[in-house]
Amino acid sequence: MNKLKRWVIASIGAVTFLVATITGVSANTNGIDVSSYQGTTTSYFNSFKQVDDNFTMVKLGGRGGGEGAHYSNPKAYAQIHNADAVGMQTGGYFWGEFGDSVSDAQYSAQLAVQDAQNAGLAKGSYIALDYEAGAGANKANNTTAILTFMDAIYSAGYKPMLYSGYYYMNTNIDLSRVNARYPNALWVAWYLTTSQQATPPMQYFPNMSNVKMWQYADNHFGVDGNVMVVGSLDNNKPAEQVASKPSQSTNTPSTPAKTQYATFSGVYVADYWVGYNNKMYGVNFDMSIKPIDYNNYIPISAMTLTDRYGNKLRNQYIQGNNGRMEYFTLNGKYKVISQTATTINVEIGGEPVSMMKAFATIK
């Protein structure tokens, strides 16, 4: 992975405010991550098995920045297949330099799934978003784009993970939102030293919650060293390679997912109205995903004011947040941008709106 050297802290005294001794962590599993710069053979991966590395995260491809419109790792299939052959669990990662663009995040996820299938990565495996460059200025917008990517990975039958450096992650991403939707899905990079490290110094584990994997070294017998502290990669044997060769491509994937639409049949309470970016929005507590923020705001242009029985009111002007109960319906057919097992992101009034999936009928 690309490295931001400012992650590296040479002085132990300088990092005491960042780290905490880990208690209650057992059965930590060591592993590595590789890209096209690393080897592909069974003997290569077996050399890491011999030093107690038991999983491999393989670069699938990327989009944005130096990766261009779309890069596919030509070694990914061999790396996944041969790491598995020596008994290592496998997962994948995809470089996504899409900043705060929801549409680009969605397309990047589609490419990541395509690369995973071409590389024979089994359904149910982890695909990590490598997000370490190109972030937008607004942390909330970056997070919305990141969750769009992760939701699309989930919808495709894989498990999402988020990789970045400690500082970059905390500076540019609202981790409370990521952790709420995908607990224990963070893969954080932070190095005590750039010198060779054979094993992780667990007494300097980053002081963060919901970390699944810690990349503790960029020089672990010549590759990145990682330790998994929650669960496992728990995937099945890699599937057969879908394409004969992973290839570099700038084309749109040939078999895009079928567009789905959501409808909402209920009568909902406008718990409050809010102005944002010179527009008015309504909020319903029950439909909203916690924490409630602008991602849950429903454009007022899409809302039909009704009585409590759903009968349209003649006066469609809101009364404001004055304690008077107001009701609305959503009568449109709204494009599904992404979804998880419990949430849905739909396009309403030209804007993405996140809601609880239980309120929608999706076709």
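Which residues have the most contacts inside the largest nonpolar core?

## Nonpolar cores

In this predicted model, they are F149 and L162, and the core around them has 57 residues; a nonpolar core is a set of buried Ala, Val, Leu, Ile, Met, Phe, Trp, Tyr and Cys residues joined through side-chain atoms within 4.5 Å. Buried means under 20% relative accessible area, exposed over 50% and partly exposed in between, with a 1.4 Å probe and protein chains only. Leaving aside residues up to four places away in sequence, L162 touches L129, Y131, I146, M150, M169, I173, V178, A185, L186 and W187, where contact means heavy atoms within 4.5 Å. A second, separate core of 20 residues includes W273, L330, V353 and A360.

Residues are numbered from 1 along each chain as its sequence is written. Because the model is predicted, local features need pLDDT of at least 70 and side-chain atom pairs count only at pLDDT 80 or more, whereas totals for chains, interfaces and linings use all residues, and side-chain values use heavy atoms, with hydrogens and water left out.

## Strand β2 and its partners

Strand β2 (residues 53-63) is largely enclosed by the rest of the structure, because 10 of its 11 residues are buried; strands (E, at least two residues) and helices (H or I, at least four) are DSSP runs, numbered from the N terminus. Strand β1 (residues 29-34) runs parallel to β2 and is joined to β2 by four bridges, with N30 standing opposite D53; two strands pair if DSSP finds at least two bridges between them. Between these two strands the chain passes through helix α1 (residues 42-49), and this β-α-β crossover is right-handed, meaning that, with the strands pointing away from the viewer, the path from the first strand over the helix to the second runs clockwise.

Strand β4 (residues 89-96) also pairs with β2 in the parallel sense, over eight bridges, and there Q89 is the bridge partner of F55. With strand β3 (residues 71-72), β2 pairs in the antiparallel sense over two bridges, and G61 stands opposite S72.

## Salt bridges

The structure holds four salt bridges, each a side-chain nitrogen of Lys or Arg within 4 Å of a carboxyl oxygen of Asp or Glu. In one of them, K59 and E67 have their closest N and O atoms 2.5 Å apart, and both residues are buried. In another, D104 pairs with R63 at 2.7 Å between the closest N and O atoms, linking helix α3 (residues 102-118) to β2 across 41 residues; D104 and R63 are both buried.

E351 and K279 also meet in a salt bridge, at 3.5 Å from N to O. E351 lies in strand β19 (residues 351-356) and K279 in strand β13 (residues 279-283), so the pair ties together parts that are 72 residues apart in sequence. K279 counts as partly exposed, at 45% relative accessibility.
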